[in-house]
Amino acid sequence: MDQRKLSLPTDRRDALLRNQVTALLWNGKITPRLARAKEVQRIADGVIQLAIDTVLDVKKTTKQGVDKKGKPIEVEVILDGEKRLAARRKIMSIVYDPPEVRNPGETGPAFRERTKDIQHPLVEKIFNVYAIRYSKRNSDNDCSGGYTRVLKLGARRGDGAEEALIELV
């Protein structure tokens, strides 16, 4: 499927679309121009579908460890399967990696403790929140796709460009 040129050279267009897809998946909605919104919708739906297709591909293993008191314990570790790992890497090539944001009133040590195991927060959000939510929706409705919605907002004041709101359903 051909994509829109958006009156930009290829490198700038790719960077713009990556940036807007990242913003959409991180924040849940953005307001670009209509043509950009349609392209962002196409890419974002593909990213979410890629995560949904591999949501169940996990491997569970147990690790032997020692707790703080020196007693041996077994810890269950969930690892990505081959297909999910490939999907994770593909998604990481499509979206940027925004930093995790500190919550209001959260101290530095509490922030580091909360985020110590999260290396790529957006990719984790895609797999742990969106993929699970939309896979349940797909199984309930017996359909797939349509993870984003584009609403026309009308002409922008100043230059008259057609604006749109794109949001996750």
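Predicted model: local features only at pLDDT ≥ 70, side-chain atom pairs only at ≥ 80, totals over all residues.
Tutor: Two strands are said to pair if DSSP finds at least two bridges between them.

Student: In which order do the three strands of the open sheet stand?
Tutor: The edge strands, each pairing on one side only, are E1 and E4. The pairing in the sheet is antiparallel. The three strands stand in the order E1-E5-E4.

Student: How many bridges join strand E4 to E5?
Tutor: Strand E4 covers residues 148-155 and runs antiparallel to E5. One of its residues, Leu 151, has Leu 165 in E5 as its bridge partner. The number of bridges that join E4 to E5 is seven.

Student: Which residue in E5 stands opposite Thr 148?
Tutor: Thr 148 falls within E4, as this strand comprises residues 148-155. The residue opposite Thr 148 in E5 is Leu 168.

Student: In the hairpin of E4 and E5, which residue takes a positive phi near 115 degrees?
Tutor: Six residues lie between the two strands of this hairpin. The residue with the positive phi near 115 degrees is Gly 158.

Student: Is Glu 167 buried or exposed?
Tutor: Glu 167 is found in strand E5. Residues that Glu 167 touches, leaving aside those up to four places away in sequence, include Leu 24, Tyr 147 and Leu 151. A residue counts as buried under 20% relative accessible area. Because its relative accessible area is 17%, Glu 167 is buried.

Student: With which side chain does the side chain of Glu 167 make a polar contact?
Tutor: Arg 149 is among the residues that Glu 167 touches. The polar contact, at 2.8 Å, joins the side chain of Glu 167 to that of Arg 149.

Student: What distance does H2 reach from its first C-alpha to its last?
Tutor: H2 has 20 residues, for which 28 Å is expected at 1.5 Å a residue. The buried residues of H2 pack against several elements, including H1, H3 and H5.

Student: Is Leu 6 buried or exposed?
Tutor: Leu 6 is found in the segment before H1. Its phi is positive, about 60 degrees, although Leu 6 is not a glycine. Because its relative accessibility is 9%, Leu 6 counts as buried.

Student: Is Asp 142 buried or exposed?
Tutor: Most residues other than glycine have a negative phi. Asp 142, in the loop between H5 and E4, has a positive phi of about 55 degrees. Exposed means over 50% relative accessible area. Because its relative accessibility is 72%, Asp 142 counts as exposed.

Key: Residues numbered from 1 in each chain as written. Heavy atoms only, no water. Helix = DSSP H or I, 4+ residues; strand = E, 2+ residues; numbered from the N terminus. Buried < 20%, exposed > 50% of the residue type's maximum accessible area, 1.4 Å probe, protein only. Polar contact = N/O pair within 3.5 Å; in protein donor to acceptor, adjacent residues only side chain to side chain. Contact = heavy atoms within 4.5 Å. Expected span 1.5 Å × (residues − 1).
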